[in-house]
Amino acid sequence: MAFQQTCGLPVCKATLCFLFCLFVLGEGQYKGFRKFIGVQDTRQGDAFEEQWFIQKLDHFNGADSRVWKQRYFVNEAFYKPGGPVFLMIGGEGPANPAWMQSGTWLTYAEKLGALCLMLEHRFYGESHPTVDLSTDSLRFLSSRQALADLAHFRTMMGESKGLSNRKWVAFGGSYPGSLAAWFRLKYPHLVHASVATSAPVHATINFPEYLEVVWRSLASENAECPVLVKKASDTLMERLKDPATYNNITEDFKLCSKLQIKTEMDSAYFLETLAGNFMDVVQYNEDNRGFEGVMGTNITIKVLCSVMGDTSLGDPYARYAAVARLMLGTFSVGCLDASFSNNLGAMTNTSWDGPAANGGRQWVYQTCTEFGFYQSTDSPNQPFAGFPLPYHVKQCADYYNVSAEQLADAVAQTNEYYGSYDIKSTRIVFPNGSIDPWHALGITQDITADLPAVFITGTAHCANMYPARSQDLLQLTLARDHIFLLLQQWLKQ
């Protein structure tokens, strides 16, 4: 939601603190899909050299002949003549070549003799269609253009490598999971089946359900845990009303500069930043993401709730601050930049070398022009306070000059174009985890026998995509096996 890639929707921050289940898991956190702040070590993927595909800039304007180079990766290790082609779809962050040698899809590929390809999403990673990230350039960034990229890539690769008559299967997690479903929906003649993991298929401006799931996920560990978080958040909200408390708050949360609250955007950004510690951990709780080089996987819901329940640290507010300091230490960050003005500067920098160019500026643009997905505090059934929907919507105007009316129209058009929950297709499987807040916008019950859901109790975002390990829950192992059986069955059709 992003960003971390391949499996990863960043959500909520429009900051670059913030990919793909994005397997393509990226770095940082963006508004839409939450991601951990961490440096990815992709050296393990060096054996798979990046390759480049000549792609069209605008698939929907025949008079525009401009092209650019799109990055992709290939793993031929398991391919057997006549076997299928697996296409991993990149998302809102750099494509991580670690996915070319690890992940459940490769286990399937080995058993089924598949050729494996991974295509990086336009405007992310090294796939730069334009000279900058200006709003004028970003008009070429959309899920529809990305799907057309996939279609053209599949067509040309099929022709050039003699794979046109092979059965292609699309894989993706989080936003790329949505793309996997929509690729099958919109281009059924090009893709035979899709595995759409943790895929939000319903666009919505306001997504307060995200934080409702965070409450339930924390409560699944300890019923008192989200109650303590709410008490801490409410206390902090009260203290923000008194500038005399700002010095202490600055020290408590190790802010990089003295807290300054001059506008509602300042306070909302600060409160969202702190809530993000819990949102990130819940979204990826106990996912096996270490192979990607992701940091912080040792911080789980159990760890956070343990801190929140530790009375030796003081009242709930003090424990909430302790969580913030724990996260800073985990990621070796010296202080927390909670300044909205700094964030505004980063997000409006249009250079490819800018601080938000690893995906933050791009993903938030997509939320403002296609999806919404804003994780607001507008529901009473969640533990946080202070970042309501208007805070999120205003950022669309601040960053890209997109009005609230334009945002509403764009989200409505997205659901009209893709069908929201009412998907009419075949051979798409929708795995989701009960802990993952994104399941609230996904398919969690079978639509038809050919559009099955796989709802995995106790797992988080894109869990079924990550490499198997001995401590995996039984239901996760069974889900991976069930998806494999579906692929076996569908590839015979």
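A residue is called buried when its relative accessible area is under 20%, exposed when that area is over 50%, and partly exposed in between, as judged with a 1.4 Å probe on the protein chains only. The structure is a predicted model, in which local features need a pLDDT of at least 70 and side-chain atom pairs count only at pLDDT 80 or more, while totals for chains, interfaces and linings use all residues. Residues are numbered from 1 along each chain as its sequence is written, and side-chain values use heavy atoms, with hydrogens and water left out.

Phe 253 and Tyr 320 form an edge-to-face pair, with 6.4 Å from centre to centre and 80° between the planes. This pair links distant parts of the chain, since Phe 253 lies in the loop between helix 7 (246–252) and helix 8 (264–283), whereas Tyr 320, 67 residues apart from it, lies in helix 10 (residues 316–330); helices (H or I, at least four residues) and strands (E, at least two) are DSSP runs, numbered from the N terminus. Phe 253 counts as buried because its relative accessibility is 0%, and Tyr 320 counts as buried at 4%.

The rings of Phe 278 and Phe 384 have centres 6.0 Å apart and planes at 55°, so this pair is tilted. Here too distant parts of the chain are linked, with Phe 278 in helix 8 and Phe 384 in the loop between strand 10 (372–374) and helix 13 (389–400), 106 residues apart. Phe 278 is buried at 1% relative accessibility, and Phe 384 is buried with a relative accessible area of 3%.

One aromatic cluster includes Tyr 175, Trp 182, Trp 363 and Tyr 417 among its members. The charged end of Arg 144 sits over the ring of Tyr 417, 4.0 Å from its centre, where a charge sits over a ring if NZ of Lys or CZ of Arg is within 6 Å of the ring centre and within 35 degrees of the ring normal.

Helix 1 (residues 104–112) has as its buried residues Thr 104, Trp 105, Leu 106, Tyr 108, Ala 109 and Leu 112. What covers these buried residues includes strand 4 (67–75), strand 7 (168–173) and helix 15 (474–491), contact meaning heavy atoms within 4.5 Å. Helix 1 is followed by Gly 113, whose phi is positive, near 70°.

Helix 1 also gives the largest share of the lining of the largest cavity, 3 residues. A cavity is a set of points, on a 1 Å grid over the protein atoms alone, where a 1.4 Å probe fits but cannot get out, and lining residues have an atom within 4 Å of a point. About 90 Å³ of space lies in the largest cavity, a volume being the space filled by probe spheres set on the points, which are joined across faces, edges and corners. Among the residues that line the largest cavity are Met 88, Trp 105, Tyr 108 and Ile 483.

Terms used: Phe/Tyr/Trp six-rings, centres within 6.5 Å; stacked < 30°, edge-to-face > 60°. 1 Å grid on protein atoms, 1.4 Å probe; cavity = no way out; pocket = protein on both sides within 12 Å on 5 of 7 lines; lining within 4 Å.
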